[in-house]
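Welcome! Please take a moment to look over the sequence and the 3D structure before you read on.

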Amino acid sequence: MKNILVLFLFFPLLISAQNITEEKTKQLTFGVGVVPQYAILNGMRIDFDYKLNDKNQWLVVAPQVYLSSDPNFTWDYNSMTGFGIELQHKVFLNKEFKTVNPYFAYGPTFNYFSVQDDGLTARSYNEDGGNYIGLVEDEMTTRIFKFGGNIILGLHYFLFDNLYMDAYVGTGIRFSYDNQTSGLHGYYNDWWADLGYSGTLMVGGIRFGVMF
Amino acid sequence: MKKLLPYSFLLLIIFAAVVGFDVLPPSGYEPVFMLRSEMEKNVQLDEPRSVKNPGKIYLKDHLIFINEKYKGIHVIDNSNPENPENVAFVKIDGCIDIAVKNNVLYADNAVDLIALKFDENLTAVNVVKRVKNVFPEPVSPDGRGLSWQEKQAVPDDAIVVRWEHR
């Protein structure tokens, strides 16, 4: 068990070590990948990678779509649709590709969500000559706009010829606004994975894709 | 078996933390709001009405003031103690306390403190002074304040003037 754990922890280093003798240059200019963990958040993200120059710097354009028609274990809203886009300037530390390629990337991100959920809405009524406001439960639509940016470090492994796996970690910041409240609010901003999260967060994940 | 007990307890705590429970029972009251401009405008002298939910009572000369909780103040003419006469009602939203000094009636108008003066014949009342936002918003009879859902649902300048049974 201990050996398996050690092997697991040092797997990237073992592969890196192997690379030194298996250096291979790849002339690649375009890539397309998916980030499977977005499915946990009812989303789908496809990354399009475009090579910018000979210094092995890339532009990543990552459109996202989100769709949920039922409450799930993460959120209890009635339904949700959304889209987003993330742009990254990705700089590989090796000017030419090897089997394992460390990189850093940074760039802005934007998301829009339209969430239908049961909530309270204000209803005005007249009573005894005065105009009062009561609250009634109703399904309401909240439109959330989330801006931010990420800085990540990653390792880009070529698993086979053109198929790659990309593991990355980093940090980011988000600012969210919605059409129901002014400024920051609680319901969609309870923790870092919430649709309307505002604050800093750790980002990380795995990508799979192909490069041509 | 003894060893299992703490582990079971730990699992229960983890389960509760992950799943989550509503610790507090839902409140039996819901807030009623007014826009500040409406609340200030709604302090008026009105026709006498029956006492339904009395609060504090204040005696000043031949007048008795009885607070109608969160609604206003009944004005009772007690010139003839054998036959007190309900002569007027002052609508003051969010009012639960009253005091009188030098012919000026002081009352809380939700979060504001107001000073009122009647004319000699008790046919009109004027707000001679208003000190804004000196009191906290009233809490419900079961002791709760506004939830964040309630806060986000109302306009920014809305003020809680009373709580009503659901």
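Predicted model: local features only at pLDDT ≥ 70, side-chain atom pairs only at ≥ 80, totals over all residues.

Chain B has a mean pLDDT of 88, with 86% of its residues at 70 or more.

**Chain A at a glance**

- Chain A contains two helices and eight strands. Starting at the N terminus, these elements follow the pattern α-α-β-β-β-β-β-β-β-β.
- Of the 212 residues in chain A, 25% are buried.
- Counting the contacts in chain A with a separation of 6 or more, 57% are between residues 24 or more positions apart.

**A closer look at R45(A)**

- You will find R45(A) in strand 2 (residues 43-51) of chain A.
- Is R45(A) buried or exposed? R45(A) counts as buried because 22 other C-beta atoms lie within 10 Å, and the cut-off for a buried residue is 20 or more.
- Leaving out residues up to four places away in sequence, R45(A) touches V34(A), V35(A), Y38(A), A62(A) and Q64(A).
- V34(A) sits eleven residues from R45(A) along the chain, and 5.8 Å separates their C-alpha atoms.

**Where the two chains meet**

- On the chain A side, 16 residues are in contact with 17 residues of chain B.
- Strand 5 (100-127) and strand 6 of chain A each provide at least two residues of the side that touches chain B. The largest share, six residues, comes from strand 6 of chain A.
- What kinds of residues make up the side of chain A that touches chain B? That side has six nonpolar residues, ten polar ones and no charged ones.

**The four-strand sheet of chain B**

- Four strands of chain B form an open sheet in the order 7-8-9-10, and their pairing is antiparallel.
- Strand 7 (98-101) and strand 10 (125-131) of chain B are at the edges; each has a single partner strand, so one side of each has no neighbour in the sheet.
- Ignoring direction, neighbouring strands in this sheet are turned against each other by 30° on average.
- Strands of a sheet pair through backbone hydrogen bonds, in a parallel or an antiparallel way.
- Strand 7 and strand 8 of chain B run antiparallel and are joined by four bridges, with I98(B) opposite A107(B) in strand 8. These two strands form a hairpin with two residues between them, and N102(B) in the turn has a positive phi of about 50°.
- Strand 8 and strand 9 of chain B also run antiparallel, joined by five bridges. Across from Y106(B) is A115(B) in strand 9 of chain B, while N109(B) faces D112(B) in strand 9 of chain B.
- The hairpin of strand 8 and strand 9 of chain B has two residues between the strands, and A110(B) has a positive phi near 60°.
- In a regular strand, side chains alternate between the two faces of the sheet.
- Which residues of strand 8 of chain B are on its covered face, and which on the uncovered one? L105(B), A107(B) and N109(B) are on the covered face, whereas V104(B), Y106(B) and D108(B) are on the uncovered face.

**The five-strand sheet of chain B**

- Another open sheet in chain B has five strands in the order 2-6-5-4-3, with antiparallel pairing.
- At its edges are strand 2 (44-46) and strand 3 (54-60) of chain B; each has a single partner strand, so one side of each lacks a neighbour in the sheet.
- From one strand to the next, the twist averages 25°.
- Six bridges pair strand 5 of chain B with strand 6 of chain B in the antiparallel sense, and I73(B) has V90(B) in strand 6 as its bridge partner.

**The nonpolar cores**

- The largest nonpolar core holds 30 residues, and F33(B), M34(B), I73(B), V90(B), A107(B), I159(B) and V161(B) have the most contacts inside it.
- Both chains contribute strands here: strand 6 (130-158) of chain A and several strands of chain B, including strand 1 (29-35) and strand 8 (104-109), each supply at least two residues of this core. Strand 11 of chain B gives the largest share, four residues.
- Not counting residues up to four places away in sequence, V161(B) touches several residues, among them F33(B), M34(B) and A110(B).
- A second, separate core has eight residues, including M80(A), V115(A), I144(A) and Y188(A).

Terms used
Residues numbered from 1 in each chain as written. Chains lettered and ligands numbered in written order. Core = buried A, V, L, I, M, F, W, Y, C linked by C-beta atoms within 7 Å. Buried ≥ 20, exposed ≤ 12 C-beta atoms within 10 Å, placed from the backbone. Contact = placed C-beta atoms within 7 Å. Nonpolar A, V, L, I, M, F, W, Y, C, P; charged D, E, K, R; others polar. Pairing = 2+ DSSP bridges. Axes fitted to C-alpha atoms, helices over the stretch in contact; angles between N-to-C directions. pLDDT = per-residue confidence, 0-100.
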